[in-house]
Amino acid sequence: MKPASNLILEPMNQSSALVLVVEDERDIATILENFLKKQGYRTERAADGESALTLFRACNPDLVLLDVMLPKKDGIEVLKAIRREKQTPVIMLTARTEEIDKLLGLELGADDYVSKPFRPMEVMARVKAVLRRSYANAPVTELFRLGAIELDTLQTTVHVSGMSLELTASEFKLLQHLMTYPGRTFSRADLLEATMPDSNALERVIDVHIANLRRKLSEVEPGEFIQNIRGIGFRLKPQA
Ligand code: CA
């Protein structure tokens with residue numbers, strides 16, 4: 001999100017948010033656009049992956065609804081490209097529920113997933129929830145430090161011992177949550193609620209994200225940052 005200072009005290013009216021709909025099936029795209037407009041959102045539409053990226057850069061949307069199967073560049077490639085540039089919330093539209101597990105395994109950093117066929121009102125609820133969350137996460141505290149880890153919520157960057165770390169949106173939120181309460185142990189359910197509250201994802205998704213986060217941290221700085229508290233969950237290791 002744009003870190004404008006007025007976001008802190010007065011969150012932007014969600015209804016004026018711009019949603020980029022990326023969907024090659026014209027009927028579905030039209031239905032989504034109509035529902036979004038009825039909810040007061042502005043919309044832009046792209047029907048293939050390449051024009052989606054062009055439009056994304058040109059119109060700087062507040063949220064992207066992104067179909068997975070697309071001509072020219074698929075949704076996965078588009079999401080990767082978006083994440084290289086921005087942390088704009090992305091909700092993936094997938095044809096099959098099994099795809100969601102596969103996508104999660106790829107740790108691409110989508111904010112949520114909706115499987116087709118969907119009810120348009122379900123998508124609207126997800127859009128609203130993801131936007132509300134992204135506004136709620138608007139910068140208040142900018143910098144968290146714990147030992148060698150430095151997390152900047154304004155720049156959405158993480159440095160470990162001064163080295164930049166590339167995290168997905170979910171990993172970032174997870175680490176941010178852990179850093180907000182260092183030393184406290186969170187259950188998988190807590191972490192899921194804190195980082196993906198409106199998702200249907202299962203608790204084991206947290207294990208995937210934690211494993212990836214640990215691997216990335218340890219690549220830069222050896223040592224245990226995230227502790228598994230058996231039977232309870234995870235915490236950041238308190239710093240001496
Ligand atoms: Ca499609």
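Is methionine 69 buried or exposed? At 57% relative accessibility, methionine 69 counts as exposed; exposed means over 50% relative accessible area, buried under 20%, and partly exposed in between (1.4 Å probe, protein chains only). This is a predicted model, in which local features need pLDDT of at least 70 and side-chain atom pairs count only at pLDDT 80 or more, while totals for chains, interfaces and linings use all residues. Residues are numbered from 1 along each chain as its sequence is written, and side-chain values use heavy atoms, with hydrogens and water left out.

**Calcium site**
- Asp24 (OD), Asp67 (OD) and Met69 (O) are the protein donors of the calcium ion, at 2.1 to 2.3 Å from it; donors are N, O and S atoms within 2.8 Å of the metal (3.2 Å for Na, K and Ca), and sites may look incomplete because water is not among the atoms.
- Along the chain, these donors follow the spacing D-x42-D-x1-M.
- Aspartate 24 counts as partly exposed, at 32% relative accessibility.

**Nonpolar cores**
- The largest nonpolar core has 50 residues, of which Leu66, Val158, Leu175 and Ile226 touch the most other members; such a core is a set of buried Ala, Val, Leu, Ile, Met, Phe, Trp, Tyr and Cys residues joined through side-chain atoms within 4.5 Å.
- A second, separate core of 19 residues includes Ala29, Leu63, Val114 and Val123.
- Beyond its neighbours within four places in sequence, valine 158 has contacts (heavy atoms within 4.5 Å) that include Ile149, Met163, Phe172 and Leu175.
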